[in-house]
Amino acid sequence: MLKDIVNIMKAAVCVLVIDACGGTLGGNPEITDPDSQQPPDPAKSPALTFSITDAPVEEARHVYISVESIQVAQAEGSWISIPLETDAEIDLLQLQNGATELLASIEDLPAGTYTQTRLILAEEAPGRLVDNEGVEHSLVIPSGSESGLKLMTSFTKVDGEPMAFTIDFDLRKSIKSAGNGSKSKYLLKPVLRMTDDRKSGSAAGEGENGSVVCVYADGATKDSDDSCENAITSTTVKNGQFKLAFLEPGTYDLRVFRNKTAVGDVDDVVVKAGSSDNNDEDTKVKLP
């Protein structure tokens, strides 16, 4: 009898221990009902975040940069450093068609007006480019590790309102030939733009693989080649799909190139504010 009582007590303790550990008698982990989770508290979100994205270039497989710091300037001229979220090299060519990488964030930022943002590149990890043949080249970036890459987009921070920006690193317009007299074959003269994620929208659709899509402000002069020099941004159709993300709300004109030749335009594309990560809110476009 005493032995039976002891065995019963052991079994009861075992059940209690399993239950306390969040397990079940079947050994499966406890499943949390998503509907029971509380929505994120905006007060606990970072005050400011920066992510990075890229418009593609056909001359390379990889374009690597390393960011040492990112800073914002207050109206009176003092700079505040935004802590980095990564110290690894960033391959810009992996960040296309709306893909981004979180670059930096800060939990608290004084309210007020900020007049510019700059990226300081790591001097000890210079930029490099891997061409389509797999050959690696050093990438000369003038002033990248000194005065930095500057964005003159101002913004106003309000207490209690988190802000998120995406920096578009337009490689199609940024990669230049360094000339025969240079030690490096390539220069990177960055063409950057910065958009407020909350106020940006996107356009997406289908097209022929390899098509280059240049995006222009409504009525702007369109390029005669696929360098997209006059364009706000650009992209390349892959797997029959394309996405033009982080556009300010407005009306845009598109020009489509195949094999470096213009094949048609799509005018009066209206982009509305909405999440660039939500495909349901994309402005739908069919390319010629």
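**Exercises on ring pairs, a sheet and a loop residue**

R118 lies over the face of W79, 3.7 Å from the ring centre; a charge counts as over a ring if NZ of Lys or CZ of Arg is within 6 Å of the ring centre and within 35 degrees of the ring normal. This is a predicted model, in which local features need pLDDT of at least 70 and side-chain atom pairs count only at pLDDT 80 or more, while totals for chains, interfaces and linings use all residues. Residues are numbered from 1 along each chain as its sequence is written, and side-chain values use heavy atoms, with hydrogens and water left out.

**Exercise 1.** State which ring the charged end of R128 sits over.

*Solution.* The ring is that of Y64, and its centre is 4.1 Å from the charged end of R128.

**Exercise 2.** Classify the aromatic pair of Y114 and F155, then the pair of F155 and F165.

*Solution.*
Step 1. Rings of Phe, Tyr and Trp (its six-membered ring) pair if their centres lie within 6.5 Å; planes under 30 degrees apart are stacked, over 60 edge-to-face, and the rest tilted.
Step 2. By this rule there are 3 aromatic pairs.
Step 3. The centres of Y114 and F155 are 5.2 Å apart and the planes stand at 15°, so this pair is stacked.
Step 4. Y114 belongs to strand β7 (residues 112-121) and F155 to strand β11 (residues 155-157), so the pair ties together parts 41 residues apart in sequence. Strands (E, at least two residues) are DSSP runs, numbered from the N terminus.
Step 5. F155 and F165 are 4.9 Å apart centre to centre with 45° between the planes, a tilted pair.
Step 6. F50, Y114, F155 and F165 form one aromatic cluster.

**Exercise 3.** Decide whether Y114, F155 and E208 are buried, partly exposed or exposed.

*Solution.*
Step 1. Buried means under 20% relative accessible area, exposed over 50%, and partly exposed in between (1.4 Å probe, protein chains only).
Step 2. Y114, at 0%, is buried, and F155, at 6%, is buried too.
Step 3. E208 has 48% relative accessibility and counts as partly exposed.
Step 4. E208 lies in the loop between β16 (201-206) and β17 (212-217). Leaving aside neighbours within four places in sequence, E208 is in contact (heavy atoms within 4.5 Å) with V237 and R258.

**Exercise 4.** Find which strands stand at the edges of the open sheet.

*Solution.*
Step 1. The sheet has 6 strands in the order β5-β2-β8-β9-β14-β13, with mixed pairing; two strands pair if DSSP finds at least two bridges between them.
Step 2. β5 (90-91) and β13 (175-177) each have a single partner strand, so one side of each is left without a neighbour in the sheet.
Step 3. β2 (residues 60-65) and β5 pair in the antiparallel sense over 2 bridges.

Key: Helices (H or I, at least four residues) and strands (E, at least two) are DSSP runs, numbered from the N terminus.
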